[in-house]
Amino acid sequence: MSNWQRAGALDDIQEEAPHAVEIGGKAIALYRFGDEVCAVGDTCPHQGDVKLSEGYFEGDTIECPMHQSCFNVRTGKVLGPPARDDLPVYPVRIEDGQVLVDTEG
Ligand code: FES
């Protein structure tokens with residue numbers, strides 16, 4: 001089942017920084033690469049309530065600010081311990097300059 005939700009305007013998302021949103025009760029981080037946007041879970045799977053978007057972002061990797069696990073923001077894959085689980089990845093569509101995220105995808 002799809003549940004497409006508006007996440008904001010593409011123009012409001014910077015390329016150099018994670019863009020944290022809360023949609024349908026889910027903490028999601030948007031990462032912009034030109035006209036492409038990736039949406040992944042923003043909660044570190046290692047210890048719950050740590051926001052990855054407050055960590056260090058470079059290339060396509062976000063580093064958890066708490067214990068420095070890294071994740072690929074395009075695939076959600078965890079790249080190193082202590083976290084073991086991947087991030088959820090959400091489908092993204094851009095329509096009329098608006099970013100839509102499928103929170104059930
Ligand atoms: S809380 Fe993110 S690596 Fe520990």
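These legends describe close-up views of a predicted model.

**View 1. Three strands form an open sheet, in the order S1-S10-S9.**
The pairing in this sheet is antiparallel. Strand S1 (4–9) and S9 are the edge strands, and each pairs on one side only. From one strand to the next, the twist averages 30 degrees. S1 and S10 are joined by 5 bridges in the antiparallel sense. On the other pairing, 4 bridges link S9 to strand S10 (residues 98–102). S10 is mostly covered, with 4 of its 5 residues buried. In a regular strand the side chains alternate between the two faces of the sheet.

**View 2. S9 and S10 make a hairpin with 2 residues between the strands.**
Asp96 takes a positive phi near 50 degrees in this hairpin. Two bridge pairs can be picked out here. Arg93 stands opposite Leu100 in S10. Ile94 has Val99 as its bridge partner in S10.

**View 3. Trp4 meets both S10 and Arg93.**
The bridge partner of Trp4 in S10 is Asp102. Arg93 lies over the face of Trp4, at 4.3 Å from the ring centre.

**View 4. Ile94 sits in strand S9 (residues 92–95).**
Is Ile94 buried, partly exposed or exposed? Its relative accessible area is 34%, so Ile94 is partly exposed. Leaving aside neighbours within four places in sequence, Ile94 is in contact with Leu10, Asp35, Val37 and Val99. Of these, Val99 is also the bridge partner of Ile94 in S10. Ala9 is 85 residues from Ile94 along the chain, yet their C-alpha atoms are separated by 9.0 Å.

**View 5. Strand S2 (residues 19–23) and strand S3 (residues 26–33) run antiparallel.**
The two strands are joined by 5 bridges. They form a hairpin with 2 residues between them. Gly24, in the turn, has a positive phi of about 55 degrees. Glu22 stands opposite Ala27 in S3.

**View 6. His19 belongs to strand S2.**
With a relative accessible area of 22%, His19 is partly exposed; the cut-off for buried is under 20%. Not counting residues up to four places away in sequence, His19 touches Asp12, Ile13, Ile28, Ala29 and Leu30. The C-alpha atoms of His19 and Arg93 are separated by 16 Å. These two residues are 74 residues apart along the chain.

**View 7. The largest nonpolar core has 15 residues.**
Which residues have the most contacts inside this core? They are Tyr31, Leu52, Ile62 and Phe71. S3 and strand S4 (36–41) each supply at least two residues of the core. S3 gives the most, with 3 residues. Another core lies apart from this one and has 12 residues, among them Leu10, Ile13, Ile23 and Ala39. In soluble globular proteins, nonpolar side chains tend to be buried together.

**View 8. Leu52 is one of the residues with the most contacts inside the largest nonpolar core.**
Not counting residues up to four places away in sequence, Leu52 touches Gly41, Asp42, Thr43, Cys44, Ile62, Glu63, Cys64, Pro65, Phe71 and Leu87. Ile62 and Phe71, both on that list, are likewise named among the residues with the most contacts inside the core.

**View 9. Ser53 lies in the loop between S4 and S5.**
Ser53 counts as buried, at 15% relative accessibility. Beyond residues up to four places away in sequence, Ser53 touches Pro18, Ala20, Ala29, Tyr31, Asp42 and Ile62.

**View 10. Tyr31 and Phe57 form an aromatic pair.**
The count of aromatic pairs comes to 1. The ring centres of Tyr31 and Phe57 are 5.0 Å apart and the planes are at 45 degrees, so the pair is tilted. Why does this pair tie together parts that are 26 residues apart in sequence? Because Tyr31 lies in strand S3 and Phe57 in strand S5 (residues 56–58). Both Tyr31 and Phe57 are buried.

**View 11. Arg74 places a charge over the ring of Phe33.**
The charged end of Arg74 is 3.9 Å from the centre of the Phe33 ring.

Key:
Residues numbered from 1 in each chain as written. Predicted model: local features only at pLDDT ≥ 70, side-chain atom pairs only at ≥ 80, totals over all residues. Heavy atoms only, no water. Pairing = 2+ DSSP bridges. Core = buried A, V, L, I, M, F, W, Y, C linked by side-chain atoms within 4.5 Å. Buried < 20%, exposed > 50% of the residue type's maximum accessible area, 1.4 Å probe, protein only. Contact = heavy atoms within 4.5 Å. Phe/Tyr/Trp six-rings, centres within 6.5 Å; stacked < 30°, edge-to-face > 60°. Lys NZ or Arg CZ within 6 Å of the ring centre and 35° of its normal. Axes fitted to C-alpha atoms, helices over the stretch in contact; angles between N-to-C directions.
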